[in-house]
Amino acid sequence: MAINLDNLMGFHHKALQVRTDRMEVLAGNLANANTPGYKARDIDFQKAMKSAQQSSGQNLTRTHDNHIKGSMKSTGELQFRIPNQSDTGDGNTVDVQIERNTFLDNGLRYQAGMEFLNGKIKGMKKALSGGQ
């Protein structure tokens with residue numbers, strides 16, 4: 001009986017990738033908290049997961065063996081955040097407290113996803129070894 005790892009762990013792997021991408025965006029927001037004119041951005045996790053589940057086969061077609069392999073990564077989920085506070089006068093829309101809390105929440109969810117994925121791997125190892 002063949003084990004399909006994509007069916008076993010594919011969803012969680014994609015979720016961790018979206019969480020990683022979101023952490024990069026949030027870290028960029030925090031790094032640019034004092035940059036005039038910078039607009040805070042975020043990734044809609046639900047839309048990103050739908051896109052990730054549907055885009056499993058979006059590799060670029062190679063027409064020659066010397067061409068470099070490539071894949072498409074959708075950035076359609078990246079959106080500008082609607083600010084809760086009025087304009088600070090320099091056009092920056094980063095609210096540091098919201099960014100920190102969102103970063104912390106995303107980090108905790110990333111860690112939970114990692115623990116869940118680790119549990120699946122341990123269960124699979126146990127099954128393969130016959131429970132020993």
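**View 1. The largest cavity of this predicted model has a volume of about 40 Å³.** The count comes to 1 cavity of 30 Å³ or more. Rolling a probe the size of a water molecule over the atoms shows where empty space is left. Which residues line the largest cavity? Its lining includes Arg81, Ile82, Pro83 and Asn84. Thr93, Asp95, Ile98 and Glu99 belong to the lining too. Sorted by class, the lining has 3 nonpolar, 2 polar and 3 charged residues.

**View 2. Seven named residues make up the largest nonpolar core.** The core has 7 residues. They are Ala15, Val18, Val25, Ile43, Phe45, Ala48 and Met49. Which helices each supply at least two residues of this core? Helix H1 (5-31) does, and so does helix H2 (45-54). Look next at methionine 49, one of the core residues. Leaving aside residues up to four places away in sequence, methionine 49 touches Phe11, Lys14, Ala15 and Val18. Two of these names, Ala15 and Val18, are also on the list for the core.

**View 3. Isoleucine 43 sits in strand E1.** The strand covers residues 41-43. Is isoleucine 43 buried or exposed? Its relative accessibility is 11%, so isoleucine 43 counts as buried; the cut-off for buried is under 20%. Isoleucine 43 is also a member of the largest nonpolar core. What does isoleucine 43 touch, not counting residues up to four places away in sequence? The contacts are Asp21, Arg22, Val25, Ala48, Glu77 and Leu78. Now find glutamine 79, which is 36 residues from isoleucine 43 along the chain. The C-alpha atoms of isoleucine 43 and glutamine 79 are separated by 6.1 Å.

**View 4. A UniProt annotation covers residues 12-39.** The unreviewed entry gives this stretch as "domain: Flagellar basal body rod protein N-terminal".

**View 5. Asparagine 106 lies in helix H3.** This helix runs over residues 96-128. Asparagine 106 has a relative accessible area of 0%, so this residue is buried. Which residues does asparagine 106 touch, not counting residues up to four places away in sequence? They are Arg19, Arg22, Met23 and Leu26.

Terms used: Residues numbered from 1 in each chain as written. Predicted model: local features only at pLDDT ≥ 70, side-chain atom pairs only at ≥ 80, totals over all residues. Heavy atoms only, no water. 1 Å grid on protein atoms, 1.4 Å probe; cavity = no way out; pocket = protein on both sides within 12 Å on 5 of 7 lines; lining within 4 Å. Points joined across faces, edges and corners; volume = space filled by probe spheres on them. Nonpolar A, V, L, I, M, F, W, Y, C, P; charged D, E, K, R; others polar. Core = buried A, V, L, I, M, F, W, Y, C linked by side-chain atoms within 4.5 Å. Buried < 20%, exposed > 50% of the residue type's maximum accessible area, 1.4 Å probe, protein only. Helix = DSSP H or I, 4+ residues; strand = E, 2+ residues; numbered from the N terminus. Contact = heavy atoms within 4.5 Å. UniProt positions renumbered as here; feature names shortened; annotations may be inferred.
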